[in-house]
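Have the structure open as you read.

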Amino acid sequence: MKSITILIADDEPEIADLIELHLVKEGYRCIKVSDGLAAVQIIRTQSVDLAILDIMMPNLNGYEATQLIRESHHLPIIFLSAKATDLDKITGLVRGADDYVTKPFNPMELVARVNAHLRRALQFNPSAASNTAVLEARGLVIHPEQRTVFLYNNPIELTPKEFDILYLLASHPKKVFSTENIFEHVWGEAYYEGSNTVMVHIRTLRKKLEEDKHKNKWIKTVWGVGYTFNG
């Protein structure tokens with residue numbers, strides 16, 4: 001069985017060591033670096049299944065490192081940062097992260113999030129579905145096999161979770177998905193009460209689709225029920 005490798009990028013050694021301690025107990029192989037540039041170089045040269053990135057790092061910060069990583073890799077990325085406002089979290093997700101954990105953090109919660117993202121990435125990948133036909137709707141084109149999206153012929157950079165949500169909705173254009181449905185399909189685990197993860201991802205997805213700029217609204221909110229694709 002392939003060993004799962006997790007990259008930990010944090011310039012505080014004691015935090016990186018703490019994360020490594022708990023992840024190794026779970027059976028994961030860990031690579032630790034202390035700056036964003038080193039993180040990018042590791043991912044470009046080695047097989048990495050998930051990355052945990054601090055935001056404030058030397059050479060390249062977490063945002064800059066993620067931008068470079070997303071040019072060619074779709075592995076799950078979790079931001080770990082002391083920046084804890086809602087705006088900070090939304091910014092992190094918009095910049096390409098799949099999740100955002102604030103410092104100080106509970107190591108067991110971080111491990112649970114790692115497990116959930118890996119489970120989703122390795123076992124519940126929509127690109128493995130048998131139906132890989134290109135989806136088109138009024139200027140929006142989704143290529144499931146390449147996991148790429150074009151809006152009026154312009155490429156749209158989506159995080160893996162944003163792509164999964166959009167593909168889920170677009171491939172079932174007549175169906176209304178509740179927040180719980182979306183979470184269970186995309187994250188591959190039971191929905192937990194009080195989570196606003198889906199709402200934040202939908203919000204950033206709408207921004208990237210420029211729904212405020214264009215008359216087309218591809219994601220429709222059905223109040224009190226959930227979301228549907230407005231194809």
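## The parallel sheet

Five strands make up an open sheet with parallel pairing, in the order 2-1-3-4-5. Strands here are DSSP E runs of at least two residues, helices are H or I runs of at least four, and both are numbered from the N terminus; two strands pair if DSSP finds at least two bridges between them. At the edges sit strand 2 (29–33) and strand 5 (99–102), each pairing on one side only. From one strand to the next, the twist averages 20°.

This is a predicted model, where local features need pLDDT of at least 70, side-chain atom pairs count only at pLDDT 80 or more, and totals for chains, interfaces and linings use all residues. Residues are numbered from 1 along each chain as its sequence is written, and side-chain values use heavy atoms, with hydrogens and water left out.

Strand 1 (residues 5–9) pairs with strand 2 in the parallel sense over 5 bridges. Look for Ala9 opposite Val33 in strand 2.

Helix 1 (residues 13–25) lies across strand 1, strand 2, strand 3 (50–54) and strand 4 (77–81), and runs at about 170° to strand 2. Angles go from 0 to 180 degrees between N-to-C directions, with axes fitted to C-alpha atoms (for helices, over the stretch in contact); contact means heavy atoms within 4.5 Å.

Strand 7 (residues 140–143) and strand 8 (residues 148–151) run antiparallel, joined by 4 bridges, and Leu140 stands opposite Leu151 in strand 8.
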